[in-house]
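Welcome! Take a moment to look over the structure below, and then we will walk through some of its features together.

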Amino acid sequence: MTTGGLLDLRPALRPGILVGPALTRGPAVVHLLKDPVTGVRMEVGAKEHFIITRLDGSRSLAEIGTEYAASFGARLGDAQWQQMLRLLSTRQLLDGGRPVAVPPAAPADVRRRPAGSGLLSGSTRMVADAPALMDRLHGATAFARRPAVLVPLLVLAAAVPVAVAVRFGELADQTGRLYHQPVTLAAVGCVLWVSLGLHELAHGLVARAYGLRVGEIGLRRVWGVMTYLYCEVEDVQFLDRRGRQVAVAVAGAVMNLLFLLPFWPVWALLPDSAQALPALGGLLLLGTAMALLNLVPLPPLDGYKILGYALGTLRLATESRTFLAVAAGSLRPAKGSAPTRGQGDARARLRRYPGRLRLVYGVFALCCALLALAVLAGACLLCRAALPGRWDAWTCYLPLALIAAALPLRLLGLRFAARRAASKPAQDPPAPEQQAPQTTPPAPQPGTPPQQREKGDMKPQPRPAGTAIVLDGVSKHYGEVHALDDVSLTVGQGEFFGVLGPNGAGKTTLVEIVEGMRRADSGTVSVFGLSPWPRNTALLRRIGVQTQTSAFFTRLTAWEHLETVAALQGADRTAARHALDLVGLAGKERSRVDDLSGGQRQRLALATALVHQPDLIFLDEPTAALDPEARRSLWTVLRDLRGEGRTIVYTTHYLDEAEALCDRVAIIAGGRVVALDSPGALIRSMAAPARLLVPADRITVEQARAVEGAERVLLEGGEVVIETRHANRVLIELGALVDMDAIQTRTATLEDAYLRLTASPPPRAAGAVAPAVGTERSR
Ligand SMILES: Nc1ncnc2c1ncn2[C@@H]1O[C@H](COP(=O)(O)OP(=O)(O)OP(=O)(O)O)[C@@H](O)[C@H]1O
């Protein structure tokens, strides 16, 4: 590939691409990017953002490069520009690039009712055209946005909690009486339910006023005990001013307080003997409490969003937890005089947090702990107030007693569920986690050609935000063989995570421990917040495992096989159809399994792992033994899966595949993680030289050696290969000797980085090579 003219290009970002302001996630500064056509969201680092915001069609890459060098003190090489452009192009973000592949509209029940969403939990869309409704409401409420109306309204809303505080005694007394009037209490509950609906609409209206879109309005059911109106507001984090983001989030609570205003004068004017007093007093007190409780900064309440927006942080709670874990890890007492490897890593990670963020995450964690204590204390006081006098002496300890009783019950429940799963896994009810509504991102269009390799730090944003897998200090040995040694890593939800390493490195052991098929000797493993060992029924349905030796019902047709697997998994025929379509076997449903080609069987194995729509998929070399074309077309399927927001853990020996597909890879050698980063970052970190290839009949080895900047010259086949870290300079020099079209540039690949990293693996503990006798092996 020739590079001449690259820096003269003047690319532009496609119009309409949303680029968000700076946010902090963990110790890093990131920006969100969203393609409004495909709905795909990504996170980019500050440097990528710097470049992307300058791609306006008027500036050349050379000019942007100069600005970049002035700001970051480093020049971007051709290889980096190529990576960046390729990445933007494959993500269809460049103007005039590949036509945008608009994802097909998924059927409403697929979008709104993912696996686990049912009668008791889930969401139902209530408004056909939510944006149009919001437009009309926006017009109708224009008067309220005038400062002359808005400011007094806000003052009145703020006055409501003050008034409640002043008249708290009377209101509490009347609320107490309300609890003895169940019918009136239910009526008050209904009024508050209406207030909750208005709360959601208020979020939508303020968002609409700032030009945001309301995606959907509907009813959400939670565990069959609660139903409430929701209004999905999109892209709040893309608003350029934090004040506006906060305004969208705070609007709901303000609406709840405004809703109470008309009831105040009625309540104040009623005589003391009026029968309606408990209802009105209860409404005012409970309505205000509802509004204020919503402002508590804990997820998923509005107060948490407000705090995140105000501080400009992403996933504050998760990142605070991570920060605490890192801080605790760095303090862990060392076994000997020197810090342990894990402790050293934690200290290095801790140093990456700037002082302000340490304060933010630390204070947030502390406040959460205090809030939890305050809630517990509040519950104790409530018990004391609500229960009859003779219990007074000890009723205040009731919440504590309940928590103490709930813990062993919960543990018992988990054990029971695990045993049940072991005996008849197919008939377990869906896990509650799975029933929680979740947004399925649009899948890329079927048939989209396989994308090119994607490197660099730009990663699609994991959806939904959160962690899928956390391993902390995991070790495993088989007799004398230490298969895993103090492995710690985290896989984000929605991440495509590669596990690479030479034979015997410990990959299978690692994956099997996460799957819950093996028990770690030490360390902790958590999958979606739960321990996978012993086999955890709540996790079984969220995990799909594809192995190279997937068992098939070979005498059945592909469709019968999938239908059978779906039935065993408790999934319906729609799920089997979805899985079959997803892997591109739609035309093969009538073929018998043993008549399928190797590639088609691999696809069927994938469909088998997917049939119950798991959130986390383990893939073990799904493209092994496939021809190049079949491999590439399976890549498309895997990308589609990734596009659906699923988390994928991918074990492979094909490094080109890992480079093309994975957001991050962990390279394991000798039972340890020797590198963990995005393929692009790993390649850069190894600073491997670029290779320039010139046909041997155009240049001699001696001439090539004489070129300034050439570090190593080899004769490979019919090519003279020049290795250099100064490809630009060498290219210019070579241009004087041979025609530019004859030069091919090969930038460093993940394979180069991998070979260097695994060249001298850390020594495995005693007896690493010889497998121990008598231990079990399941794969
Ligand atoms: N059940 C077992 N009993 C004894 N030793 C084992 C057992 N399972 C794995 N090992 C050893 O543990 C080490 C790690 O094995 P593991 O299968 O996890 O590596 P791997 O990276 O998956 O290898 P491959 O690339 O061949 O699949 C190897 O030295 C292996 O011989």
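Which residue in strand 10 does Val 470 stand opposite? Val 470 stands opposite Thr 490 there. Keep in mind as you read on that this is a predicted model.

Let us begin with the predictor's own scores. Across the protein chain the mean pLDDT is 78, and 79% of the residues reach 70 or more. Over residues 97-117, however, the pLDDT is below 50, and this stretch has 41 contacts in the model beyond near neighbours in sequence. Residues 761-779 also stay under 50, and for them the model has 33 contacts beyond four places in sequence.

For the complex, the predictor gives an ipTM of 0.96 and a pTM of 0.51.

Now back to the place where we started. An open sheet holds 3 strands in the order 10-9-12, and their pairing is antiparallel. Strand 10 (481-492) and strand 12 (522-527) stand at the edges with a single partner strand each, so one side of each has no neighbour in the sheet. On average, neighbouring strands here are turned by 15° against each other, direction ignored.

Strand 9 (residues 467-478) is joined to strand 10 by 8 bridges. Besides the pair of Val 470 and Thr 490, you can find Leu 471 with Leu 489 as its bridge partner in strand 10. Towards strand 12, strand 9 pairs over 5 bridges, in the antiparallel sense. Val 470 takes part here as well, standing opposite Ser 526 in strand 12. In the hairpin of strand 9 and strand 10 there are 2 residues between the strands, and Gly 479 takes a positive phi near 60°.

## Another hairpin to look at

Ala 666 stands opposite Leu 676 in strand 17. This hairpin has 2 residues between its strands, and Gly 670 has a positive phi near 60°.

Most residues other than glycine have a negative phi, and most peptide bonds are trans. With that in mind, a few places deserve a look.

Asp 486 is not a glycine, yet its phi is positive, at about 55°. You will find Asp 486 in strand 10. It has 19 other C-beta atoms within 10 Å, so Asp 486 is partly exposed. Phe 528 also has a positive phi, near 50°, and is a residue other than glycine. Phe 528 sits in the loop between strand 12 and helix 20 (537-540). Phe 528 counts as buried because it has 22 C-beta neighbours inside 10 Å. As for peptide bonds, a cis bond joins Pro 299 and Pro 300, with omega about 5°. Pro 300 lies in the loop between helix 11 (277-293) and helix 12 (302-311).

Is helix 23 mostly covered or mostly exposed? It is mostly covered, with 10 of its 13 residues buried. Among the buried residues are Arg 601, Leu 604, Ala 607 and Leu 610. What covers them includes strand 13 (543-546), helix 21 (558-568), helix 22 (573-582), strand 14 (616-620) and helix 24 (628-643).

The length of helix 23 (residues 598-610) can be checked too. At 1.5 Å a residue, its 13 residues should span 18 Å, and the end C-alpha atoms are 19 Å apart, which agrees.

## The nonpolar cores

The largest nonpolar core has 92 residues, and those touching the most other members are Leu 562, Ala 579, Ala 607, Val 611, Tyr 650, Ile 668 and Leu 692. Helix 23 gives the most to this core, with 6 residues. A second, separate core has 52 residues, including Leu 212, Ile 217, Val 248 and Leu 286.

Which residues are in contact with Leu 692, leaving aside its neighbours within four places in sequence? They are Ile 722, Thr 724, Ala 727, Val 730, Leu 731, Leu 734, Ile 743 and Thr 745.

How values were computed
Residues are numbered from 1 along each chain as its sequence is written. This is a predicted model: local features need pLDDT of at least 70, side-chain atom pairs count only at pLDDT 80 or more; totals for chains, interfaces and linings use all residues. Helices (H or I, at least four residues) and strands (E, at least two) are DSSP runs, numbered from the N terminus. The expected span of a helix is 1.5 Å times one less than its number of residues. A residue is buried if 20 or more other C-beta atoms lie within 10 Å of its own, exposed if 12 or fewer, and partly exposed in between; C-beta atoms are placed from the backbone. Two residues are in contact if their C-beta atoms, placed from the backbone, lie within 7 Å. A nonpolar core is a set of buried Ala, Val, Leu, Ile, Met, Phe, Trp, Tyr and Cys residues joined through C-beta atoms within 7 Å. pLDDT is the predictor's confidence in each residue, from 0 to 100. Two strands pair if DSSP finds at least two bridges between them. Axes are lines fitted to C-alpha atoms, for helices over the stretch in contact, and angles run from 0 to 180 degrees between N-to-C directions.
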